[in-house]
Amino acid sequence: MAVMFEQFTIVTDPVAGSVALSAIFASLSLLTLFVLLGAVRMRAWLAGLISLGVALVVAIAVYGMPVGQALLSASEGAAFGFFPILWIVINAIWVYNLTVVSGHFDVLRRSMERVSPDMRIQAIIVAFCFGALLEALAGFGTPVAVTVVMLMALGFRPLRAAAVALIANTAPVAFGALATPIVTLGTVTSGAVADPRLNTETLGAMVGRQTPILAVIVPLVLVAVVDGRRGVRQTWPVALIAGLTFGVGQFVASNYISVPLTDIIAALISAAAVVALLRFWRPSESPDLHATPDPGRVPQESSGSDPSREPTPLAAKGQQPAASEGAGERASEGRRATAAVLRDPPAEVLRAYAPYLIIIAIFSIANLGPVKQALAGEPWTVVFPWPGLDVIGANGKPLASTNFTFGWLPAAGTLMILAGLLTAVVLRIRPVEALKAYGRTYVELRHAIVTVMAVLALAYVLNQSGQTATLGELFAAAGGVFLFLSSILGWIGVAVTGSDTSANALFGALQVQTATEAGLDPVLLAAANSSGGVLGKMISPQNLAIAASAVGMAGKEGDIFRRVVGWSLVLLLFMCVLVTLQGTPVLSWMVPR
């Protein structure tokens, strides 16, 4: 029994003293995950568990990690997957579901519809601005499921609505679910190499110097998808204002205010700027786009994929999208006519926005210097070694990742519970209904819970057994070329797993270890993993399945894939070039020191 739990020291070349041969085994679990998700089209939670099993076998049989240490490593990863990662997501989606239970989600939708009758502008307001707000609070497919239904209600054809929602869900992803991907990235990279900058704040600041540039482009792409060149020509002022204000908001919030609040601040600033502009500016014409062919798409070959369907949020399931484009147009015209007559009282509109204002207030208070410092210490935050886990790095020092931080009060998920309780009071939801909604949220996310815990357990086993370090040494041979490839690695991770959080957990440590070996900046490459990853979100099987089911096109994910894959590749190339320039004297001043 003692042998099972004896101290383990990481070795990066356990197979014949060769890093190259060892890398073949180190990559087996990742290849298993990719094949099961991409080729076999297995459900994500099952693929995650099987891949975790492969990683454990390799860690024990090839890397010589004691069985007990390997299992403890997996248990710590699974625990981190639930707290703080899932703790944020579950409680954030609960707050959103409270607005559905109370009926204020519909109030919110109608208020957005009245801002402008122009469908191109509605795409920016609903898919980009409001979608970013949903991404900030919940993430994990929620923005796509919800905004697709809203766009359908506004009269968008199903295929166009799906494409718009997927493309819009790019720029905010890195800071989604209260910056869960950045929190995860900071955790898995902090102990991988000796660089004090590898923390949530600095990594968030670096990502906040990449994705805001992308944000300027996305609204222009949206109007191109909705109305082609005419849309860009006639609505570029509002698209540019939306993108610029969102980008500035992301940069300022991530670098100087609060990383978790980044997308909330950026989304609200962008929405306010669009509303303000529309008070004195309108496009030269507002064409009826209900029955026109979908313009502005980049033609691509079909992938032939038929991804498994992932669970969608309660609200999305509660709405019935049309099964055909003709039915969708007739149904949405009826909704538009109803919305045109119904004007909600100002007090109800204020209540509809109240949850988001409450969240901003709570998180702003929690991030005040003295408050944040007080909550970071005991008894509110407890840091302890994971019981029985004893791993020594290749440098001869204990791994920092074996210490678990349990910030039960300052955790974003706990603050979201407080926001949910206040939301229930403001929206006049009975305690029993709020409790039922909370229980349904867990049921709705049951597969996502298993998936995230399995992927984080897999990441911890890879990192603490030395498999990630082996791959890092191998990739380091690419030298400066890896600057260009780092964003692609993140893109692949999100395209396969459907989550920037999961991609950061899988490849975050690999990025920084490769950077150190190749003499590159680890902060830049870690951030590139997240920033490049956001562009894989629109083509991930999970997101495609969510969009297809929401518009009544289940089984036709390939059609939606062809609408968005070209934009994904074009924007990825842009990010690769940006990261490469940030690694050279041309833009190296953008990297935090």
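Colleague: At what angle do helix H22 and helix H23 pack?

Modeller: Keep in mind that this is a predicted model. H22 covers residues 500-518 and H23 covers residues 522-533. Their axes lie 8 Å apart, and the packing angle is about 150°.

Colleague: Thanks! Are the two helices roughly parallel or roughly antiparallel to each other?

Modeller: Angles over 145 degrees count as roughly antiparallel. The angle here is about 150°, so H22 and H23 are roughly antiparallel.

Colleague: How do the residues of the contact of H22 with H23 divide into nonpolar, polar and charged?

Modeller: On the H22 side, the contact residues include Asp-500, Phe-507 and Val-512. H23 contributes Leu-525 and Asn-529, among others. Taken together, the contact residues are seven nonpolar, six polar and one charged.

Colleague: Now for Tyr-256: does this residue count as buried or exposed?

Modeller: Tyr-256 sits in helix H11, which spans residues 211-257. A residue counts as exposed when its relative accessible area is over 50%. Tyr-256 has 61% relative accessibility and therefore counts as exposed.

Colleague: How far apart in space are Tyr-256 and Glu-201?

Modeller: In sequence, 55 residues separate Tyr-256 and Glu-201. From C-alpha to C-alpha, their distance in space is 9.5 Å.

Colleague: And stepping back, what percentage of the residues of the protein count as buried?

Modeller: The protein's secondary structure comprises 25 helices and four strands. Its accessible surface is about 21,200 Å², with 67% of that belonging to carbon and sulfur atoms. Among the 593 residues, the share that counts as buried is 61%.

Definitions and conventions: Residues numbered from 1 in each chain as written. Predicted model: local features only at pLDDT ≥ 70, side-chain atom pairs only at ≥ 80, totals over all residues. Heavy atoms only, no water. Axes fitted to C-alpha atoms, helices over the stretch in contact; angles between N-to-C directions. Parallel < 35°, antiparallel > 145°, perpendicular 65-115°, else oblique. Contact = heavy atoms within 4.5 Å. Nonpolar A, V, L, I, M, F, W, Y, C, P; charged D, E, K, R; others polar. Buried < 20%, exposed > 50% of the residue type's maximum accessible area, 1.4 Å probe, protein only. Areas by Shrake-Rupley, 256 points an atom, 1.4 Å probe, with all protein chains shown as cover.
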